[in-house]
Every structure is written in C-alpha cells, then in structure tokens.
Amino acid sequence: MIKIIISSNTNRKTEIVNESKTIREVLDDAQINYAATTVHLDGSPLRPGDIDKSFNDFGISESCYLTAIVKADNA
C-alpha cells in the first residue's frame, strides 16, 4: 500500500491505495476530470499512455504526489 497526496486546483486529499492501481483508477476514484488537466506524478508531467500505468510501473512503493491542474489559456 502507498500513500498518495492527490491535489487539483480546488481540492487536496490523502489516499492509501494498492501500488498495482493505475493512475487513471485513482483519479477516477477521486472524481478528478483528468481530460482537462495536466497530470503530474511527483512533479513530473505524465506522457501519453502513462495514465494507464500502475504506481508499481513507476517504481513507487511508499508515497507520492499526484496533481491534476487546469491551466487557463491566459496563464
């Protein structure tokens, strides 16, 4: 089990999940719309296809930060 701090523009929470869960599953469970955001894992932006990888695939075994931030056109 790993501790994930999930944050968005308006919310921040801590979840304990199995490391075999995918990033998409965690974002869906947290009700975060990742289609309109830039998703980062421990500060690094995810590339196409990374959202369907598990935390185990990224070598995360204890804790991480998962952020999904909406960037406005004028920002």
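Three salt bridges turn up in this structure, each counted when a side-chain nitrogen of Lys or Arg sits within 4 Å of a carboxyl oxygen of Asp or Glu. Bear in mind that this is a predicted model, where local features need pLDDT of at least 70, side-chain atom pairs count only at pLDDT 80 or more, and totals for chains, interfaces and linings use all residues. Residues are numbered from 1 along each chain as its sequence is written, and side-chain values use heavy atoms, with hydrogens and water left out.

**Salt bridges**
- Lys21 pairs with Asp29, with the closest N and O atoms 2.4 Å apart.
- Arg24 and Asp52 meet at 2.5 Å, N to O; Arg24 lies in helix H1 (residues 23-29) and Asp52 in the loop between S4 and S5, so the pair ties together parts 28 residues apart in sequence.
- Asp50 goes with Lys53, the closest N and O atoms being 3.2 Å apart.

**Exposure**
- Cut-offs here are buried under 20% relative accessible area, exposed over 50%, and partly exposed in between (1.4 Å probe, protein chains only).
- Asp29 is exposed at 53%, and Lys21 is partly exposed at 23%.

**Sheet**
- Helices (H or I, at least four residues) and strands (E, at least two) are DSSP runs, numbered from the N terminus; two strands pair if DSSP finds at least two bridges between them.
- The 5 strands make an open, mixed sheet ordered S2-S1-S5-S3-S4.
- S2 (12-17) and S4 (44-45) each have a single partner strand, so one side of each is left without a neighbour in the sheet.
- S3 (residues 38-41) and S5 (residues 63-69) pair antiparallel over 4 bridges, and His40 has Thr67 in S5 as its bridge partner.
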